[in-house]
Amino acid sequence: MALLTPTTRWMMINMTDIVFATRNAGKMREIKGCFQGTKYRILSLDDIGVNIEVVEDGATFEANAAKKAREICRAAGLLTLADDSGLEIDWLAGEPGVDSANFLGADTPYAVRCAKILDMLADAPNHKRGARFVCVIAIARPGCDDIITVRGMLEGEIARTITGGGGFGYDPIFYVPECGKTTAQLDVAEKNRISHRGQALKLAMEALDKL
């Protein structure tokens, strides 16, 4: 059994538990990767046994993230992060946007959703295929009514084909010209470095460190 170094022992004693309001395994892998080596221990809703479905009925990413963070924080009694994220497509006037998770129905597989979007953009020329991933993270604290929100964004375009087996959601159709790949082709470290969620998590950590 390996001995704990003084630094490791100090971090274990001073760890701060944070609930991230999700059950999405792919999202949790990315989040834990971003927080690795920090003083924060990230717990999912399943980790803490909270079984609450928050209705995300806001008109903006900020409204949905704030509502989710506030309700989960109240139920868990722990510092809580919650995100709302989605894909905005210029050819579709910003859709699916805040409805990204429910596009074509909440139970529709993402492979079907991606195929539908490619079909909807079949006539879109290359210079009209602009899109962006947006992620807003809200921070809620027990006993505090104020909600902190931060926003990350990754610009790109909609690919012509479904490409790549990594990531999740709309990653196989989101092409990043600077990388020459879809986000489904990026390894975890590279994706976390540039992604909308990686950017938002970095800003969230900076905000947490100031609390």
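Select Ser-100 in the loop between strand S3 (80-89) and helix H5 (110-120). Helices here are DSSP runs of H or I with at least four residues, strands are runs of E with at least two, and both are numbered from the N terminus. This is a predicted model: local features need pLDDT of at least 70, side-chain atom pairs count only at pLDDT 80 or more, and totals for chains, interfaces and linings use all residues. Residues are numbered from 1 along each chain as its sequence is written, and side-chain values use heavy atoms, with hydrogens and water left out.

Is Ser-100 buried or exposed? Ser-100 is buried, because its relative accessible area is 3%. The cut-offs are under 20% relative accessible area for buried, over 50% for exposed, and partly exposed in between (1.4 Å probe, protein chains only). Now show what touches Ser-100. Residues up to four places away in sequence aside, the list is Ser-85, Gly-86, Leu-87, Tyr-110, Arg-113 and Tyr-170. Contact means heavy atoms within 4.5 Å.

Pro-96 lies between S3 and H5. Its peptide bond, from Glu-95 to Pro-96, is cis, with omega near 0 degrees. Next, pick Ala-93, also placed in the loop between S3 and H5. Ala-93 is not a glycine, yet its phi is positive, about 55 degrees. Ala-93 counts as exposed because its relative accessibility is 71%. Then go to Leu-104, in the loop between S3 and H5. Phi is near 65 degrees in Leu-104, a positive value in a residue other than glycine. At 42% relative accessibility, Leu-104 counts as partly exposed.

Now the interior. In soluble globular proteins, nonpolar side chains tend to be buried together. Select Phe-20, Phe-35, Ile-42, Leu-81, Ile-137 and Leu-208: of the 20 residues in the largest nonpolar core, these touch the most other members. A nonpolar core is a set of buried Ala, Val, Leu, Ile, Met, Phe, Trp, Tyr and Cys residues joined through side-chain atoms within 4.5 Å. Colour strand S1 (16-20), helix H2 (25-35), strand S2 (40-43), strand S4 (130-140) and helix H7 (196-210); each supplies at least two residues of this core. Which element gives the largest share? H7 does, with 6 residues. Apart from this core lies another, of 19 residues, among them Phe-103, Ala-124, Phe-133 and Phe-174.

Centre on Ile-42. Neighbours within four places in sequence aside, Ile-42 is in contact with Ile-18, Phe-20, Met-28, Ile-31, Lys-32, Phe-35 and Asp-47.

Next, show H2 and H7 together. The two helices pack at an angle of about 50 degrees, with their axes 10 Å apart. Axes are lines fitted to C-alpha atoms, for helices over the stretch in contact, and angles run from 0 to 180 degrees between N-to-C directions. H2 and H7 are therefore oblique to each other. Angles under 35 degrees count as roughly parallel, over 145 as roughly antiparallel, 65 to 115 as roughly perpendicular, and the rest as oblique. For the contact, select Lys-27, Glu-30, Ile-31, Cys-34 and Phe-35 of H2 with Arg-197, Gly-198, Leu-201, Met-205 and Leu-208 of H7.

Last stop: Asp-145, in the loop between S4 and strand S5 (148-158). Asp-145 counts as exposed, at 70% relative accessibility. Draw a C-alpha to C-alpha line from Asp-145 to Ile-48: the two are 22 Å apart in space and 97 residues apart in sequence.
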